[in-house]
Amino acid sequence: MRLSSFIKTTFATSALLVSSMSFAANIEVNANENDLALKGYDTVSYFTKGAPTKGSDKYTAAYNGAIYQFSSAANRDLFKSEPSKYAPQYGGFCAFGVTMNRKFDTDPTAWHIRNGKLYLNLNKDVQKKWSTDIPGYIETAQVKWVDIKGLTEAQIEKVYEQ
């Protein structure tokens, strides 16, 4: 009887651990409660149309624990062939926010492509600030992202509270 309880407890603990690890992986991508990234915008359209376009639940692909929607099967297939090329930088969190060790949500219409990479910002006002020194902010964000990418916002606050 005790051995069976031990096995059940071990199994339940393992299942919870695996579940929490799955959740932890998803904190690297800015997605809603249904794991939808970019608020449903088609990430490939920024590159092919030069503008954000709403995606459809008819064309989806999963990447890094999030679901991306696309406006066409062709865009979905492009994404699937090379997701790291089309996925937004910093998991889709605000690129300017990352420079301040923060993970802010984004407005999919406040965007910029630089050197073949998609960067999103919190809103158009933040995008204006970002535009004043894009290369400098990217350099800073690249360094800061390494430290915060696996952390929740609460963990980030705890680490950086002074």
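This is a predicted model: local features need pLDDT of at least 70, side-chain atom pairs count only at pLDDT 80 or more; totals for chains, interfaces and linings use all residues.
With a relative accessibility of 24%, Phe-47 counts as partly exposed, because the buried class stops at under 20%. A search of the whole structure turns up eleven aromatic pairs.

Phe-96 belongs to helix α5 (residues 95-98) and Tyr-137 to helix α7 (residues 134-148), so the pair links parts 41 residues apart in sequence. Both Phe-96 and Tyr-137 are buried. These two rings are also members of a cluster held together by ring pairs, along with Tyr-90, Phe-93, Tyr-119, Trp-130 and Trp-145.

As for the overall layout, the chain has eight helices and six strands. Read along the sequence, they come in the order α-β-α-β-β-β-α-α-α-β-β-α-α-α. Of the 162 residues, 35% count as buried. The chain exposes about 9,500 Å², and carbon and sulfur atoms supply 56% of that area. Among contacts with a separation of 6 or more, 57% are between residues 24 or more positions apart.

What about the nonpolar cores? The largest has 16 residues, and those with the most contacts inside it are Tyr-90, Phe-96, Val-98, Tyr-119, Trp-130, Ile-138 and Trp-145. Helices α5, α6 (124-130) and α7 each supply at least two residues of this core. Helix α7 gives the most, with six residues. Val-98, setting aside residues up to four places away in sequence, touches Tyr-90, Ala-141, Lys-144, Trp-145 and Ile-148. Apart from this core lies another, of 15 residues, which includes Leu-38, Ala-66, Tyr-86 and Leu-118.

Tyr-119 is part of strand β6 (residues 117-121), and counts as buried because its relative accessibility is 5%. Beyond its neighbours within four places in sequence, Tyr-119 is in contact with Gln-89, Tyr-90, Ala-95, Ala-110, Trp-111, His-112, Arg-114, Trp-130 and Ile-138. The C-alpha atoms of Tyr-119 and Ala-87 are separated by 9.3 Å, although these residues are 32 apart along the chain. Tyr-90, for its part, lies in the loop between α4 and α5. At 4% relative accessible area, Tyr-90 is buried. Its phi is near 55 degrees, a positive value in a residue other than glycine.

Asn-64 also takes a positive phi, of about 50 degrees, without being a glycine. This residue is in the loop between β3 and β4, and at 47% relative accessibility it counts as partly exposed. The hairpin of β3 and β4 has two residues between the strands. Strand β3 (residues 56-63) pairs with β4 in the antiparallel sense over five bridges; in one of these, Thr-60 is partnered by Gln-69 of β4. Strand β4 (residues 66-70) is largely enclosed by the rest of the structure, because four of its five residues are buried.

Back in helix α2 (residues 45-48), Ser-45 is worth a mention. With 0% relative accessibility, Ser-45 counts as buried. A polar atom of its side chain lies 2.7 Å from the backbone oxygen of Asp-42. Leaving out residues up to four places away in sequence, Ser-45 touches Gly-50, Ala-51, Pro-52, Thr-53 and Asn-75.

Definitions and conventions: Residues are numbered from 1 along each chain as its sequence is written. Side-chain values use heavy atoms; hydrogens and water are left out. Buried means under 20% relative accessible area, exposed over 50%, partly exposed in between (1.4 Å probe, protein chains only). A polar contact is a pair of N or O atoms within 3.5 Å; within protein, one must be able to donate a hydrogen and the other to accept it, and residues adjacent in sequence count only if both atoms are side-chain atoms. Contact means heavy atoms within 4.5 Å. Accessible areas come from the Shrake-Rupley method with a 1.4 Å probe; for residues, only the protein chains shown count as cover. Rings of Phe, Tyr and Trp (its six-membered ring) pair if their centres lie within 6.5 Å; planes under 30 degrees apart count as stacked, over 60 as edge-to-face and the rest as tilted. A nonpolar core is a set of buried Ala, Val, Leu, Ile, Met, Phe, Trp, Tyr and Cys residues joined through side-chain atoms within 4.5 Å. Two strands pair if DSSP finds at least two bridges between them.
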